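Me: I would like to learn how to read a model like this one, feature by feature, with the general idea first and the case at hand after it.

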Amino acid sequence: VMERTADQSAKAGVTVQLEVEPDLAPLYIDSDLIQQVLLNITLNALQAMPNGGTLRFEVCKVRGRRPARGPGRRADDHAERRAGDQPERRAADRRESAESAETLEWIQYQQVRIIDTGVGIPSGVLEKMFDPFFTTKATGTGLGLSISQTIMQEHGGSIAVDSREGRGTTVLLNFPLEKRTGERRTA
């Protein structure tokens, strides 16, 4: 992504930095999809720095709580539902799922931070930025961040944004580290 956007960075007067923590574990990801996520975020960052600035990529290991399931997903995707389930049982399942969501476990993540010194994002926009078709730009579809969020959720991870107007934006991509033993699953 840094190579693909090198010309745009140079034209915008943006200095690009990379810091990668040593001895990181391998990630099991779809590299093309994650490259698309990184490209979307990088292009947004470059557009937020019309007068130059610094774009910093950091990759490190962190510990955090497992993200909640995305909207429209069951808490227990692999549970089979019997056709004869009673409504009381399904309600109990929903209560149990809600209670377990409150006690999310701690796991290890590999985190990619994309930090820019751009104009920042107004708080009203932060709330809507992952909504499909929402954009503040004159051109574009408003799908880049929505698609990026879906890709991160499909990888079991999450995307978060922290921004202050006039101070820049930090985007956090969290990839859960998988403990693999035995045979590797196929693509």
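Me: Which residues of helix α5 are buried?

Reply: Buried means under 20% relative accessible area, exposed over 50% and partly exposed in between, with a 1.4 Å probe and protein chains only, while helices (H or I, at least four residues) and strands (E, at least two) are DSSP runs numbered from the N terminus. An α-helix has 3.6 residues a turn, so residues three or four places apart point the same way. In α5, which spans residues 144-154, the buried ones are L145, S146, S148, I151 and M152. This is a predicted model, in which local features need pLDDT of at least 70 and side-chain atom pairs count only at pLDDT 80 or more, whereas totals for chains, interfaces and linings use all residues. Residues are numbered from 1 along each chain as its sequence is written, and side-chain values use heavy atoms, with hydrogens and water left out.

Me: Against which elements do the buried residues of α5 pack?

Reply: Contact means heavy atoms within 4.5 Å, and here the buried residues of α5 pack against α2 (31-47), β4 (158-164) and β5 (168-176). Just after the helix, G156 takes a positive phi of about 80 degrees.

Me: How should I read the salt bridges, and how many are there?

Reply: A salt bridge is a side-chain nitrogen of Lys or Arg within 4 Å of a carboxyl oxygen of Asp or Glu, and by this rule the count comes to 3. E19 pairs with R56, their closest N and O atoms being 2.1 Å apart; because E19 lies in strand β1 (residues 14-20) and R56 in strand β2 (residues 53-65), the pair ties together parts that are 37 residues apart in sequence. R56 also meets E58 in a salt bridge, at 2.7 Å from N to O, and E58 in turn meets R113 at 3.1 Å. This last pair links distant parts of the chain, with E58 in β2 and R113 in β3, 55 residues apart.

Me: What is the pattern of the chain, read along the sequence?

Reply: The chain follows α-β-α-β-α-β-α-α-β-β, which comes to 5 helices and 5 strands. Of its 187 residues, 29% count as buried.
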